[in-house]
Amino acid sequence: MDEPKKRRRTKKQAPELHCSFCDKSQYEVRKLVARGDNDQVTICDECIEMCIGIINDQSLVELKDRPKALFDYIVRQHEVIGQATDRANKAMDLLNISPSTDSQH
């Protein structure tokens with residue numbers, strides 16, 4: 001009696017994810033953050049940056065008549081820039097790139 005051939009199991013491919021806001025695929029952006037069961041809600045790094053810009057712009061409008069709060073906002077932004085500079089320098093170290101000493105100001 002001939003036995004039926006066993007089917008070869010193949011790995012199930014995960015579905016391609018898209019940003020819930022701009023609909024770009026996970027392959028069109030640097031990062032895609034997923035939340036929820038089965039990654040139902042996703043947002044890409046580009047949409048996150050746009051949202052941060054909108055929030056920061058609104059924060060400035062709300063702070064224009066509050067000097068102390070505006071000062072605190074500027075201090076926070078300075079810290080964020082410092083952290084971004086540190087990350088950039090670490091990345092350059094990993095790539096063995098020395099920072100340019102020429103200033104373009």
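Guide: S25 belongs to the segment before β1, where strands are DSSP runs of E with at least two residues, helices are runs of H or I with at least four, and both are numbered from the N terminus. The model is a predicted one, in which local features need pLDDT of at least 70 and side-chain atom pairs count only at pLDDT 80 or more, while totals for chains, interfaces and linings use all residues. Residues are numbered from 1 along each chain as its sequence is written, and side-chain values rest on heavy atoms, with hydrogens and water left out.

With a relative accessible area of 6%, S25 is buried; the term buried applies under 20%, exposed applies over 50%, and partly exposed covers what lies in between, using a 1.4 Å probe and protein chains only. Across the chain of 105 residues, buried residues make up 11%. S25 and C44 are 19 residues apart along the chain, and their C-alpha atoms are separated by 8.8 Å.

D23 is also found in the segment before β1, and with a relative accessibility of 54% it counts as exposed. The backbone of D23 has a phi near 70 degrees, which is a positive value in a residue other than glycine. As background, most residues other than glycine have a negative phi.

The segment also holds partners in salt bridges, a salt bridge being a side-chain nitrogen of Lys or Arg within 4 Å of a carboxyl oxygen of Asp or Glu; a search of the whole structure finds 4 of them. One of these joins K24 to E46, with the closest N and O atoms 2.5 Å apart. Because K24 lies in the segment before β1 (32–35) and E46 in helix α1 (residues 45–63), this pair ties together parts that are 22 residues apart in sequence. K24 is partly exposed at a relative accessible area of 31%, and E46, at 34%, is partly exposed as well.

Another salt bridge joins D45 to R30, where the closest N and O atoms are 2.6 Å apart. Here D45 lies in helix α1 and R30 in the segment before β1, so the pair ties together parts that are 15 residues apart in sequence. D45 is buried, having a relative accessible area of 10%, whereas R30 is exposed at 63%.

The axes of α1 and α2 come within 9 Å and cross at roughly 150 degrees, axes being lines fitted to C-alpha atoms, for helices over the stretch in contact, with angles running from 0 to 180 degrees between N-to-C directions. That makes α1 roughly antiparallel to α2, a description used for angles over 145 degrees, while under 35 counts as roughly parallel, 65 to 115 as roughly perpendicular and the rest as oblique. The crossing of α1 past α2 is left-handed, meaning that the near helix is turned anticlockwise from the far one by less than a right angle; clockwise would be right-handed.

K68 counts as exposed at 58% relative accessibility, and D72 is partly exposed at 29%. Salt bridges that share partners also join R30, D45 and E49 into one network, which brings the account back to the segment before β1, where R30 lies.
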